[in-house]
Amino acid sequence: MKIILGSASPRRKELLERMGLAFEVIPSKGEEIITKIIPSEVVRELAEQKADAVLRELTGDDQLIIGADTIVAYGHQILGKPADEEDAYRMLHTLSGKTHQVYTGVCLLRTNPDGQTEHLFYEKTDVTFYPMTDREIWEYIRTGDPMDKAGSYGIQGVFGKYVREIHGDYNNVVGLPIARLYQEMKVFCSES
């Protein structure tokens, strides 16, 4: 079976490589449309859209497409990638000294001669930041690191010094819950 990661994220690629799988990267080029408001539903919806967009570009059978999407949520507010530095500041200032949630939705889409099957799941991790001064927030923003990350931060880099604690899967916060993914793939691939 050919495995395809439907994401341009270098972090997801690196995490999937850690699983020891042979896979190909085909980034999703579809437009993302959010129709849900509950974070766990939003990430599953977006992951499914990414997997479906990749499927439309492929031919052949016996393929497993992995679509994934990660968002940060604080209360009822979903914090995606920042639009600009001011938006990054707003997000980091909001999260400073508080606990928020990181959700990653995953869609496993398998094709075979009999058609296709799909499995959706999500993982949630609670993350608590230490309080940050305005100066610390702006120093981090000026590194450029937050600009392509949900919630305006990357836990795996220099920003890690502001993370007080996490409850749940660290790799989920990076962008792909690989342990859960491995377990879900084992069951899904044996049944489909």
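**View 1. Contacts of Glu85.** Glu85 touches Trp138, Ile141 and Met147, leaving aside residues up to four places away in sequence; contact means heavy atoms within 4.5 Å. The model is predicted: local features need pLDDT of at least 70, side-chain atom pairs count only at pLDDT 80 or more, and totals for chains, interfaces and linings use all residues. Residues are numbered from 1 along each chain as its sequence is written, and side-chain values use heavy atoms, with hydrogens and water left out. Glu85 is found in helix H3 (residues 85–95). Helices (H or I, at least four residues) and strands (E, at least two) are DSSP runs, numbered from the N terminus. With a relative accessible area of 40%, Glu85 is partly exposed. Buried means under 20% relative accessible area, exposed over 50%, and partly exposed in between (1.4 Å probe, protein chains only).

**View 2. Ser152 and its backbone.** Ser152 sits in the loop between helix H4 (134–141) and strand S7 (163–167). Its phi is positive, about 70°, although Ser152 is not a glycine. Most residues other than glycine have a negative phi. Is Ser152 buried or exposed? Ser152 counts as buried, at 0% relative accessibility. Ser152 and Glu85 are 67 residues apart in sequence, yet their C-alpha atoms are 9.3 Å apart in space.

View 3. Ile178, Leu181, Glu184, Met185, Phe188 and Cys189 are buried in H6. Seen down the helix axis, the buried residues of H6 fall within an arc of 120°, so they line one face. The arc is that of the directions from the helix axis to the C-beta atoms. The face turned away from the buried side carries the exposed residues Ala179, Ser190 and Glu191. Cover for the buried residues includes strand S1 (2–5), helix H1 (10–18), strand S3 (63–74), strand S5 (99–112), strand S6 (115–129) and helix H5 (170–174).

View 4. Arg11, Arg12, Leu15 and Leu16 are the buried residues of H1. They fall within an arc of 130° seen down the axis of H1, so they line one face of the helix. What covers them includes S1, H2, S3, H5 and H6. Asn171 is found in H5. Asn171 counts as buried, at 17% relative accessibility. Asn171 touches Leu15, Arg18, Leu176, Pro177 and Ile178, again leaving aside residues up to four places away in sequence.

**View 5. The largest pocket.** The largest pocket has a volume of about 590 Å³. Its lining holds 34 residues, of which Arg12, Lys50, Asp69, Thr70 and Lys81 lie nearest its centre. H1, helix H2 (39–55), S3 and H5 each give two or more residues to the lining. S3 gives the largest share, 5 residues. On a 1 Å grid over the protein atoms alone, a pocket is an open set of points where a 1.4 Å probe fits, with protein on both sides within 12 Å along at least five of seven lines; lining residues have an atom within 4 Å of a point. Grid points are joined across faces, edges and corners, and the volume is the space filled by probe spheres set on the points.

**View 6. Cys107 and Cys189.** Cys107 is in no disulfide; the nearest cysteine sulfur, that of Cys189, is 12 Å away. That distance is too far for a bond. Cys107 is buried, with a relative accessible area of 0%.

Terms used. A disulfide is a pair of cysteine sulfur atoms within 2.5 Å.
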